[in-house]
Amino acid sequence: MSASLAPTVDLAQAPEAWLSAHPELSSRLVFRHAAARFAEEDARVVFLEADLGGGGDPFEKRHPQRYFNLGICEATMLDMACGLAHGGHTVIAHSFAAFGVMRACEQVRLNLAYARANVKLVCDYGGVAGAFFGPTHHAIEDLAVLRAMPNLTVVSPADGLETVQATRAMLAHDGPVYLRLGRNRVTRLDLQRPPFELGRAALLREGDDVGLLAHGEVGVSVALDAAKLLEAQGVSARVLNVHTLKPLDEEAVRETASRTRLLVTVEEHNVLGGLGSAVCETVCSLDLGRRVLRVGIQDRYDSRAGSHEALLKGHGLEGGQVAERILGVLPRTPVFAVGFEPRRD
């Protein structure tokens, strides 16, 4: 769990430097260290998890009286989390996405969302990151389920730095939050980005032919790879990191539609119900008049296990595959821009 990492750099004060000093950590491990560090600033923060700690958790080491590993009992964990939240605590409940969201769905709906409990449901193994464990450990429906629950904020960070930023933001937010993470992938995006803010998408790359809207480690990385390949073909791609799926930054969608000729969503989630559906809903409700190409997990359960990379490739989630699809559908003639006045902030 790397709980004994030398604290030579303060993660809270200098997250970029801390991440550079620990390049081996996946985002789910970065989250553990971030939660432990931020809990030093707020004694109300309590950490619960369902059989994932393994005895080396940074939170457990720093705050043993506020850490509870409850075993394989996701529904009970969320019942306890909500009780603690109503008693004044800020509660992190940690599990795998397939279990924390799907197995304990009723508890998420009634105890978290309906009751507006101050619980942060943090789940690893988003998408097909479970790989060889198969569909029982894949989570390709979680965002569709939780997007439909009122009062929930839904977040899917793109790399280690954004995981730190999202962890701080969700702990400061008063209300239920779902934070979706992967498994063992290590992602560090070396690019300029605006300050992190819940509910506000981040523009990573400007372009005027196609708008790529993505979330999560896989989605954003694949979108950036596709943008580079498209540039070599003379196609300019705008890349928007939609780290918060709910509430969705509709103005960012509107602006991207106004500046480009095609919208493309890229995500490690079923093409039904996730970001692709959210963007389509926005395009329709705001009458933006743009075609939306949805790239993601196809509407099927994988019948064979495989590596994470092999499963992603089987669903067309590689930069080259995405670029090829875009070239096949991109309008060749200019489309009149949707009426829009850009933000002035």
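Q: Which side chain does the side chain of R180 join in a polar contact, D142 or another, and at what distance?
A: D142, at 2.8 Å. A polar contact here is a pair of N or O atoms within 3.5 Å; within protein, one must be able to donate a hydrogen and the other to accept it, and residues adjacent in sequence count only if both atoms are side-chain atoms. Bear in mind that this is a predicted model: local features need pLDDT of at least 70, side-chain atom pairs count only at pLDDT 80 or more, and totals for chains, interfaces and linings use all residues. Residues are numbered from 1 along each chain as its sequence is written, and side-chain values use heavy atoms, with hydrogens and water left out.

Q: Which backbone oxygen does the R180 side chain reach?
A: That of A139, at 2.9 Å.

Q: Is R180 buried or exposed?
A: Buried, because its relative accessibility is 6%. The cut-offs are under 20% relative accessible area for buried, over 50% for exposed, and partly exposed in between (1.4 Å probe, protein chains only).

Q: Where does R180 lie?
A: In strand β6, residues 177–180. Helices (H or I, at least four residues) and strands (E, at least two) are DSSP runs, numbered from the N terminus.

Q: What else is R180 in contact with?
A: Leaving aside neighbours within four places in sequence, the list includes C123, L143, V155, H215, E268 and H269. Contact means heavy atoms within 4.5 Å.

Q: Switching to domains. How is the chain divided?
A: Into domain 1 (22–180) and domain 2 (202–328). The bounds come from an automatic or database domain assignment. The C-alpha centres of the two domains lie 25 Å apart.

Q: How much area do domain 1 and domain 2 bury between them?
A: About 2,300 Å², with 57% of it on carbon and sulfur atoms. Buried area is the accessible area (1.4 Å probe) that two parts lose on being put together, summed over both. On the domain 1 side, V128, I140 and R147 lose the most, together 30% of what that side buries.

Q: And how many residues are in contact there?
A: 30 from domain 1 with 30 from domain 2.

Q: How many salt bridges cross the interface of domain 1 and domain 2?
A: The rule finds 1. A salt bridge is a side-chain nitrogen of Lys or Arg within 4 Å of a carboxyl oxygen of Asp or Glu. R147 forms a salt bridge with E281, with the closest N and O atoms 2.7 Å apart.

Q: Which element supplies the largest share of the domain 1 side?
A: α7, with 5 residues.

Q: New topic: D159. Where is its place?
A: In the loop between β5 and α8 (160–172). D159 counts as buried because its relative accessible area is 1%.

Q: What does the D159 side chain make a polar contact with?
A: The side chain of R193, at 2.8 Å. The D159 side chain also reaches the backbone nitrogen of L161 at 3.4 Å.

Q: Last one. How many residues of helix α10 are buried?
A: 7 of its 10, so mostly covered by the cut-off of under 20% relative accessible area. Helix α10 spans residues 250–259. Its buried residues pack against β8 (210–214), β9 (237–241), β11 (262–270) and α11 (275–285).
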